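Some notes on the packing in this entry follow, point by point.

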Amino acid sequence: MPIFIDRRLNPKDKSLGNRQRFLRRAREELKRSIRDQIRTGRIADVDAEHAVPMPETGTAEPSFNNAWNSGKRQHILPGNKHFSPGDLIPKPGGGAGASSPGNTASEDDFRFVLSREEVLDLFFEDLELPDMVKLNLKEILAFKPRRAGFAATGSPTNINVGRTMRNSHGRRIALRRPKQEELDAILREIATFEEVPSSAATRQRIAALREELDRLERRRRRIAYVDPVDIRFNRFDPRPVPNANAVMFCLMDVSGSMGEREKDLAKRFFVLLHLFLKRRYDRIEIVFIRHTHLAQEVDEETFFYNTQSGGTVVSTALEEMHRIIDERYPVHEWNIYAAQASDGDNFAGDSERCIALLNDKLMRLCQYFAYVEIIDEREAHIFGTTENGTSLWRAYSAIDERWPNFQMSRIATPADIYPVFRQLFGRQPASLKRA
Amino acid sequence: MARQASKSSLLFSGSDWDFKTLSRAFDAIEALAVEELHLDTYPVQMEIISSQQMLDAYSSVGMPLMYRHWSFGKHFLHQDLLYRKGGRGLAYELVINSNPCIVYLMEENTMALQALVTAHAALGHNHFFKNNQLFKQWTDAGAILSYLDFAKGYIVRCEERHGLAAVEAVLDSAHALMDQGVFRYHRPPRLSSERQREGLRERLEYEERTYNDLWRTLPPSQQGANDKGPDPERKKSLNLPEENLLYFLEKNSQVLKPWQREIVRIVRVIAQYFYPQRQTQVMNEGCATFVHYTLMNMLFDRGQISEGAMLEILRNHSNVIFQPAFDDPRFSGINPYALGLDMMQDIQRISTKPTAEDRDWFPDIAGHGNWREILLDAWADHRDESFIRQYLSPALIRKWRFFVLGDTADQPHCQVTSIHDERGYDKIRAALANSYDLGAKRPDIQVVDVDLLGDRHLRLQHKVNHGILLEDTSRDATLRHIRRLWGYDVSLAAVDAETGATLHERSTSQIAE
């Protein structure tokens with residue numbers, strides 16, 4: 001009778017640690033191959049598993065091996081059908097033996113699948129929400145008291161009785177404060193002497209004892225039971241609590257002027273942004289605002305997948321955003337970020353209103369505002385790096401100059417999205433240059 | 001009535017298994033194995049695992065406990081891919097040479113398969129592990145699990161103290177030398193017991209505590225440099241030449257810290273543990289296959305296995321021993337299960353029904369009658385190479401239609417040198433035996449010289465047999481690993497085994513990092 005052990009319920013993924021070690025080792029190469037895959041046009045697919053080729057560098061396991069193209073060797077094979085001794089058989093291909101392992105593909109030549117989590121991890125490495133950390137430290141608004149040892153001063157409610165009594169006890173011992181028992185003993189002695197008939201000797205003795213009692217009592221009065229120097233207070237240090245509440249506003253133009261291509265590019269940008277935010281910050285709220293000539297707050301699903309038609313009044317979206325901030329996201333509690341995507345078209349005269357809105361209100365509230373303009377591929381050559389462009393671009397250029405926390409960029413093809421994204425959210429926003 | 005009786009004597013019916021049935025089947029099979037085949041086994045511990053866990057076990061070289069290393073993760077990905085694509089089925093079982101003998105059974109197996117696997121692994125492999133000379137001498141079945149436990153814990157502690165990267169670097173280098181990290185010809189030292197290891201750790205800690213950096217700054221002794229002992233004496237004091245590179249580096253490297261030395265030792269001990277398994281593939285699998293085939297047939301004859309179950313068992317059995325011919329696209333070398341089983345059944349045949357030819361070739365065993373005894377002896381005494389050299393019969397060579405192909409690298413043709421005829425039998429047998437001789441197949445690389453008082457240049461020698469050189473890229477990479485463990489320059493000279501002429505020499509100073 002053997003011993004049976006049922007291991008089926010044991011934790012699986014015993015080799016997960018090995019897998020993580022392997023991925024870390026091949027990190028750079030895996031990152032490159034994922035970015036290449038995504039650059040070739042399937043940004044919405046980021047959020048999925050990816051098959052990647054086995055990296056070449058860093059994962060080789062060398063050992064001393066015989067070279068298959070040297071020396072003399074013998075192969076013993078089964079299944080001879082018509083060979084006789086002395087027959088010559090031409091070698092296949094590169095000169096290795098008929099069935100030598102040299103012909104078979106190397107074990108390292110295969111593709112394997114990375115999970116969604118691993119892909120996102122590799123993909124978004126080095127990206128950071130701009131200014132998040134810095135502004136948090138600057139705008140610490142919440143403090144939480146924390147115990148931090150003891151203090152000699154403080155408010156009476158914070159007295160630490162234990163500490164205080166310990167000090168008091170020590171001081172009483174050190175200064176030899178007479179104890180109650182000593183006084184009682186002297187009083188008892190006086191009483192015994194007073195009971196017996198008085199004589200000169202006893203009177204003298206009683207006088208001496210009274211004097212001693214008097215001295216002790218005076219001493220007791222001088223040395224307090226609890227002295228102000230004994231008193232200790234619980235000390236509390238105000239510790240700053242990082243205010244990591246963040247809200248991201250996604251603004252998108254869904255009007256008729258935005259063609260399928262433009263909407264698609266904008267959506268891809270936001271999908272990327274959305275994934276990135278979800279990944280990087282546990283506590284972040286995302287508000288989706290889409291606008292035509294009217295702006296409305298919508299849920300994620302509607303934002304990405306529903307269509308609408310109408311004119312274009314950009315300022316409505318900004319107003320909606322301002323209204324929502326006022327209503328739900330008080331500036332002293334929230335870090336506010338915004339990203340806007342548009343084709344640059346705007347209702348005549350509305351751009352000035354946008355400038356005013358941003359300058360006077362929103363830019364003061366926002367930590368960071370990114371504007372992405374979707375342009376035609378042909379336009380990309382014309383506008384490339386110039387400051388000219390659509391009415392909105394020109395209007396925003398003015399804001400860009402004035403506010404360091406405003407960034408703008410143009411996207412013409414799917415391939416641009418990732419570089420632009422990296423540029424907008426790269427780790428050092430200060431050193432960024434605009435395309 | 002008879003029908004009733006035969007039905008109740010069935011060990012199991014249907015394809016579902018439970019622990020009671022498994023246990024009953026094991027008891028019946030074990031009793032039969034002891035009674036009919038005289039097998040002698042370690043106690044068995046059967047563990048039921050899922051397919052995912054089986055993959056996990058594959059990638060950590062089949063051991064239940066293993067330290068963590070990225071290469072295991074890589075192997076896991078590869079195995080996982082093959083499995084998912086259906087390119088390779090998973091083994092039904094995995095067996096570990098330990099005492100008690102651990103057998104993993106897959107939960108997906110049907111009851112018929114579980115019975116087959118029990119006979120194969122829990123008895124066949126188990127008997128082989130316990131009785132084969134190589135395993136008895138070179139591995140310590142009772143100590144391996146506790147040693148692996150120690151190794152895993154030790155490496156975790158090293159990772160905590162010295163960082164993942166540092167530990168990984170040592171493991172990478174040691175892994176590169178695993179093939180050169182075994183004693184081929186003299187017995188390895190026993191695995192140290194718990195207490196000895198404890199003592200070793202204390203000693204290392206003491207050395208670390210009392211380490212004084214000042215000693216390093218002492219000027220080198222002039223005397224030592226001057227009376228450079230003659231070469232032979234120096235080599236003798238270092239026990240050179242030494243074939244076990246890991247052992248040499250562990251004992252003599254000047255740059256390894258105590259914990260690095262211990263890691264090198266762990267890798268070496270594990271390499272040594274697996275060395276007998278690599279030399280006994282054909283025998284080990286042949287023994288297990290022979291045992292399961294014989295026992296299952298006996299059970300069937302006694303009416304303890306139903307026809308349906310037997311059909312399933314036979315189907316799996318013939319999958320396992322499938323051997324395509326060399327020109328078949330499925331051909332991937334000689335199937336050790338098939339060759340082992342065929343040779344053992346051939347021994348059975350020779351001893352019971354010998355032909356005149358058999359009497360000629362095997363006068364000792366032909367007509368001997370007691371095939372059990374002959375097989376038990378063969379299982380105990382041989383490894384693949386010697387087993388084939390001794391027992392491969394002309395009848396089997398004809399059955400397999402073996403032929404030998406001579407392959408000289410610089411010629412455009414291969415030449416058929418021997419086929420299954422009177423003149424070829426001996427040559428085929430010798431060639432096949434040689435092809436299982438690990439000692440001859442692996443590159444023969446030894447430490448030949450080092451001047452510890454001088455420049456500490458480590459000199460290795462590769463004895464080139466039949467002009468077979470080393471593959472350049474992996475050789476350079478491996479030399480780099482040796483240099484990392486040795487700390488000073490390392491060079492490898494290729495020397496022709498017959499003429500003694502140096503073919504070429506490669507030093508780490510020539511290799512860019």
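1. The model is predicted. In chain A, the crossing of H11(A) and H13(A) is right-handed. The helices concerned span residues 350–365 (H11) and 391–402 (H13), and their axes come within 9 Å and cross at roughly 30°. Because angles under 35 degrees count as roughly parallel, H11(A) is roughly parallel to H13(A).

2. On the H11(A) side, this contact is made by Ser351(A), Cys354(A), Ile355(A), Leu358(A), Asn359(A) and Met363(A); H13(A) supplies Ser391(A), Leu392(A), Ala395(A), Ala398(A) and Ile399(A). By class, 8 of the contact residues are nonpolar and 3 are polar, with no charged residue.

3. The largest nonpolar core has 144 residues, and those with the most contacts inside it are Ile29(B), Val103(B), Ile263(B), Val264(B), Val267(B) and Ile347(B). Helix H5 of chain B, residues 111–131, gives the most to this core, with 12 residues.

4. In chain B, helices H7 (residues 144–162) and H8 (residues 164–176) have axes that come within 7 Å and cross at roughly 130°. H7(B) is therefore oblique to H8(B). Ile155(B), Cys158(B), Glu159(B) and His162(B) of H7(B) make the contact with Leu164(B), Ala166(B) and Val167(B) of H8(B). The residues of this contact are 5 nonpolar, 1 polar and 1 charged.

Note on methods
Residues are numbered from 1 along each chain as its sequence is written. Chains are lettered from A and ligands numbered from 1 in the order in which they are written. This is a predicted model: local features need pLDDT of at least 70, side-chain atom pairs count only at pLDDT 80 or more; totals for chains, interfaces and linings use all residues. A nonpolar core is a set of buried Ala, Val, Leu, Ile, Met, Phe, Trp, Tyr and Cys residues joined through C-beta atoms within 7 Å. A residue is buried if 20 or more other C-beta atoms lie within 10 Å of its own, exposed if 12 or fewer, and partly exposed in between; C-beta atoms are placed from the backbone. Helices (H or I, at least four residues) and strands (E, at least two) are DSSP runs, numbered from the N terminus. Axes are lines fitted to C-alpha atoms, for helices over the stretch in contact, and angles run from 0 to 180 degrees between N-to-C directions. Angles under 35 degrees count as roughly parallel, over 145 as roughly antiparallel, 65 to 115 as roughly perpendicular and the rest as oblique. A crossing is left-handed if the near helix is turned anticlockwise from the far one by less than a right angle, and right-handed if clockwise. Two residues are in contact if their C-beta atoms, placed from the backbone, lie within 7 Å. Ala, Val, Leu, Ile, Met, Phe, Trp, Tyr, Cys and Pro count as nonpolar, Asp, Glu, Lys and Arg as charged, and the others, Gly among them, as polar.
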